[in-house]
Amino acid sequence: MNAPTRESLQGVDLLSEINRLKKERNAVILAHYYQKPEIQDLADFVGDSLELSKRAAETDADVIAFCGVKFMAETAKILSPQKTVILPDMAAGCSLEDACPPGRFKAFREAHPDHIALTYINCSAEVKALSDIIVTSSSAETILSQIPPEQKIIFGPDRHLGGYLSRKFNREMLLWPGVCIVHEAFSETELLKLKAQYPGVPVAAHPECPPHIIDHADYVGSTSGILQFAKSLTGDTLIVATEPHIIHQMEKAEPSKKFIGAPGADGNCACNICPYMALNTLEKLYFALRDLQPQIELDEEIRLAAKRSLDRMLEMASGTVGKGDLGRA
């Protein structure tokens, strides 16, 4: 029997084939919280990007299939250079990464030599290599609190996360002007309508949201933090202002509670679904495992420089990584 082609997967049991290929390739499948539920449910680990890469590095897998976006798969390769890292769709990028080209970032750093660069993990390996310390939304506060107040800081590429930290710590920083298109899409007007419809119901928001959303939040934190907040919630309803696919894990963990995705634009569009994350499908995962393509490859000099900035983060805030991430039993 000939192997299925990309044109014809009719009659193929994708779940069975993916599991067969996973064993054959000695692969581990990782899924970010923003992946479709069917991908989350077949993954070995579901979680935030850095914690997934750390977990994969600790396994004896030869292949890492990262169902997420390119910068996440690059991070897995930075931490596991000896492993083959595949991404179901190499076009699965990130608006924050796109907003911060390495050449422009290098020139900006050179124009401000007295600043150190705290750089959000949502960036390319090349930008990580140009940075001093990588931060995640979980670790940023812990790291910032350890940096002397007189030290000048560049924060990129997310100006909303940087602005949130700047306001919270009363710390002036040079902010790179990037935004996450998903979190930028949330509408304050529609959120206020939702809060009026559900009086007293708390709002949990990701710090990539703009200030007019953060200002209405009862909890601000990473995807893992938001999930933990949902699990510890004493009430039975929560409004969630981040990419709505995380609600799948909330509903699995707390089936008796109600989780409502914060609306974008006019309240009817699906603009708060990440278009990059949505590019990954079961079909593409099957072909990636079958062909071991597309594959992440990094220049070794860039990988080592990027790893130094990641290691610095882990030295300063290792206890913050992966709070609340879920591994499949």
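Predicted model: local features only at pLDDT ≥ 70, side-chain atom pairs only at ≥ 80, totals over all residues.

In which sense do strands β5 and β6 pair, and over how many bridges? They pair in the parallel sense over three bridges, with β6 covering residues 133-135, where strands are DSSP runs of E with at least two residues, helices are runs of H or I with at least four, both numbered from the N terminus, and two strands count as paired if DSSP finds at least two bridges between them.

Residues are numbered from 1 along each chain as its sequence is written, and side-chain values use heavy atoms, with hydrogens and water left out.

Within the pairing with β6, L118 has I133 as its bridge partner. β5 also pairs in the parallel sense with strand β7, residues 152-156, over five bridges, and there I116 stands opposite I153. Six of the six residues of β5, which spans 115-120, are buried, so the strand is largely enclosed by the rest of the structure; buried means under 20% relative accessible area, exposed over 50%, and partly exposed in between, with a 1.4 Å probe and protein chains only. In a regular strand the side chains alternate between the two faces of the sheet. Here H115, A117 and T119 point one way, whereas I116, L118 and Y120 point the other way.

Turning to the cysteines, the structure holds zero disulfides, a disulfide being a pair of cysteine sulfur atoms within 2.5 Å. For C67, the nearest cysteine sulfur, that of C274, is 14 Å away, and C67 is buried because its relative accessibility is 0%. The sulfur of C180 lies 6.5 Å from the closest one, in C94, which is too far for a bond.

Finally, there are 16 salt bridges, each a side-chain nitrogen of Lys or Arg within 4 Å of a carboxyl oxygen of Asp or Glu. One of them joins K252 and D41 at 3.1 Å, N to O, and this pair links distant parts of the chain, since K252 sits in helix α14 (residues 247-253) and D41 in helix α2 (residues 37-42), 211 residues apart. K106 and E110, by contrast, both lie in helix α6, four residues apart, with their closest N and O atoms 2.7 Å apart.
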